[in-house]
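Subject: Structure handover

Hello,

Here is the structure I promised to pass on. Please open it alongside this note.

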Amino acid sequence: MEQLTRPPRVGELTAFLARLTTVLLRNSGEGVEELEPAVAGAARVLGGSARLLVVPEGAVLSVTSGGGTSTVTVRAFPEVFRLDQVAAVRALLADLADGRLTLPAAAGRLAAVDTAPPPYPRWAKALGIVLFSLGFAPLMQPTWWEVGSTAVLASASATLVLAAGRRPRLGPVLPLAAAVVVSVVALLVFARTPAHGGPVLIMLPALFFFVPGDYLSAATAELAAGHLTPGAVRLVYAVFLLLQLYVGILIGLAVTGRDRHALFDLTATQDLPRWVLFTAWIVFTAGTVLAFAVPARFGPVLLLLVYLTVAVQSLATWLAGEVAGTFAAAVVLGAAATRLAARPGAPPRLILLLPGFFTLTVGSLGMRGLTDLAGGHPIGGFRDLMELVTLVTAIAVGLVTGEVVAAVRRGP
């Protein structure tokens with residue numbers, strides 16, 4: 001990045017960098033690793049310097065320019081639901097680095113990004129949540145019953161998400177509310193006989209939008225990369241979200257009058273043809289694009305990464321077991337995302353990684369483990385929870401390894 005010749009006034013630069021930090025922090029649900037380099041790089045291009053002390057929901061920004069220094073505190077709750085803003089900010093920073101933007105022009109463009117409405121209408125987000133869940137359903141149980149029940153239950157989840165968008169106060173309890181509604185409907189309508197599989201396996205696809213598997217993986221990756229405070233806080237928050245879902249299912253049991261032994265873990269006999277299992281990832285990727293506001297032009301490369309991750313995981317698992325397969329898939333995903341993100345005009349690394357996070361499905365293991373314990377199956381429950389810890393670590397270390405491998409191959 002080339003530095004401009006005349007340093008801007010510290011107040012103007014601080015206002016721009018504070019807003020930049022806010023937008024990036026608000027979209028940092030998958031980690032803060034790239035936040036400080038982006039802000040510091042923008043400050044350097046504009047003739048100043050910036051330092052950040054980052055925690056998951058805030059940052060202390062210190063800016064120096066033209067002989068003056070300013071320090072401000074920025075607060076924003078980290079999420080992953082407006083990835084269009086992440087892509088727009090990346091393009092803005094690229095233009096800034098190439099000298100095509102002045103500070104006033106960059107500030108105006110950033111303000112437009114910050115206040116822009118979502119790229120898709122509300123009904124498209126709801127459709128995305130349903131498609132996202134439907135694409136995941138065959139991974140839980142490869143049956144037509146699973147697909148059909150997921151369509152109904154995921155529609156209920158999507159309706160709750162839209163309601164929370166209109167009433168933000170519902171946001172903090174949205175996972176709990178979704179788990180209650182989904183579990184009640186599933187237990188009363190779709191999980192009445194063991195022939196259709198265990199109740200939790202029927203519920204999970206419809207709750208997958210809320211399952212914090214990506215947060216668990218991102219938090220552990222932050223710890224592995226040395227971002228201790230953000231990683232530790234994000235890990236605790238992910239566990240809290242998982243517990244909300246677990247408590248919601250227990251409330252659903254109470255509402256329906258079932259005892260905890262109704263939460264048996266049984267997989268139904270497969271009746272889906274193989275072509276459905278293969279094309280489910282297309283549905284899943286389309287749902288990811290709509291549900292998380294990913295620009296549509298990135299869809300093909302995300303689909304390619306999804307199939308690459310699944311293929312590597314399947315092959316390596318067949319050769320060396322589940323842990324090695326998950327680690328290998330994470331290494332390939334991390335390396336591929338890092339290399340692709342380095343190209344001009346490519347999607348940000350965060351967007352490239354997100355579908356791969358979900359395909360590795362570690363969050364569902366946590367839900368299955370907790371509900372197995374509640375249903376009186378301690379051996380299966382502890383097995384799933386131990387597998388969760390192992391695979392989360394494998395994913396985190398694999399992603400960091402992949403990034404290092406890609407950086408070494410790219411050179412200094």
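Below is what I found, going from the whole chain down to single residues.

**Whole chain**

Please keep in mind that this is a predicted model. The protein chain has 16 helices and three strands. Its radius of gyration is 22 Å, close to the 22 Å that the globule rule gives for 412 residues, so the chain is as compact as a globular protein of that length. Along the principal axes, the C-alpha atoms fill a box of roughly 75 × 50 × 35 Å. Of the 412 residues, 54% count as buried.

The three strands form an open sheet in the order β1-β2-β3, with antiparallel pairing. Its edge strands are β1 (49-55) and β3 (68-75), and each pairs on one side only. From one strand to the next, the twist averages 15°. Strand β2 (residues 58-65) is joined to β3 by eight bridges, and the two run antiparallel. For one of the pairs, look at L61: its bridge partner in β3 is V72. The hairpin of β2 and β3 has two residues between the strands, and G66 takes a positive phi near 55° there.

Helix α1 (residues 10-26) lies across β1, β2 and β3. It runs at about 155° to β2.

Is T21 buried or exposed? Its relative accessibility is 0%, under the 20% cut-off, so T21 counts as buried. A polar atom of its side chain lies 2.8 Å from the backbone oxygen of L17. Not counting residues up to four places away in sequence, T21 touches L35, V39, L52, A59, L61 and V74. L61 is also the residue whose bridge partner is V72.

**Cores and helix α8**

The largest nonpolar core has 73 residues. Those with the most contacts inside it are L83, M203, L207, F209, F210, F292 and V294. A second, separate core has 33 residues, including V63, L92, L96 and L110.

Helix α8 (residues 199-207) is worth a look. Nine of its nine residues are buried, so the helix is largely enclosed by the rest of the structure. Among the buried residues of α8 are M203 and L207. Both of these are also listed with the most contacts inside the largest core.

Leaving aside neighbours within four places in sequence, V294 is in contact with L83, Y120, T288, V289, L302 and I351.

T288 is found in helix α11 (residues 274-291). T288 is buried, with a relative accessible area of 1%. Which residues does T288 contact, leaving aside its neighbours within four places in sequence? They are F132, A293, V294, L354 and P355. G135 is 153 residues from T288 in sequence, yet their C-alpha atoms are 9.7 Å apart in space.

A293 deserves a check of its backbone. It has a positive phi of about 55° although it is not a glycine. A293 is found in the loop between α11 and α12 (299-320). Its relative accessible area is 5%, so A293 falls under the 20% cut-off and is buried.

**T326 in helix α13**

T326 has its place in helix α13 (residues 322-341). T326 is buried, with a relative accessible area of 1%. What does the side chain of T326 make a polar contact with? The partner is the side chain of Q313, at 3.5 Å. Leaving aside neighbours within four places in sequence, T326 is in contact with Q313, T317, L391 and I395.

Best regards

Note on methods:
Residues are numbered from 1 along each chain as its sequence is written. This is a predicted model: local features need pLDDT of at least 70, side-chain atom pairs count only at pLDDT 80 or more; totals for chains, interfaces and linings use all residues. Side-chain values use heavy atoms; hydrogens and water are left out. Helices (H or I, at least four residues) and strands (E, at least two) are DSSP runs, numbered from the N terminus. Buried means under 20% relative accessible area, exposed over 50%, partly exposed in between (1.4 Å probe, protein chains only). A polar contact is a pair of N or O atoms within 3.5 Å; within protein, one must be able to donate a hydrogen and the other to accept it, and residues adjacent in sequence count only if both atoms are side-chain atoms. Contact means heavy atoms within 4.5 Å. A nonpolar core is a set of buried Ala, Val, Leu, Ile, Met, Phe, Trp, Tyr and Cys residues joined through side-chain atoms within 4.5 Å. Two strands pair if DSSP finds at least two bridges between them. Axes are lines fitted to C-alpha atoms, for helices over the stretch in contact, and angles run from 0 to 180 degrees between N-to-C directions. The radius of gyration is taken over C-alpha atoms; the globule rule is 2.2 Å times the number of residues to the power 0.38.
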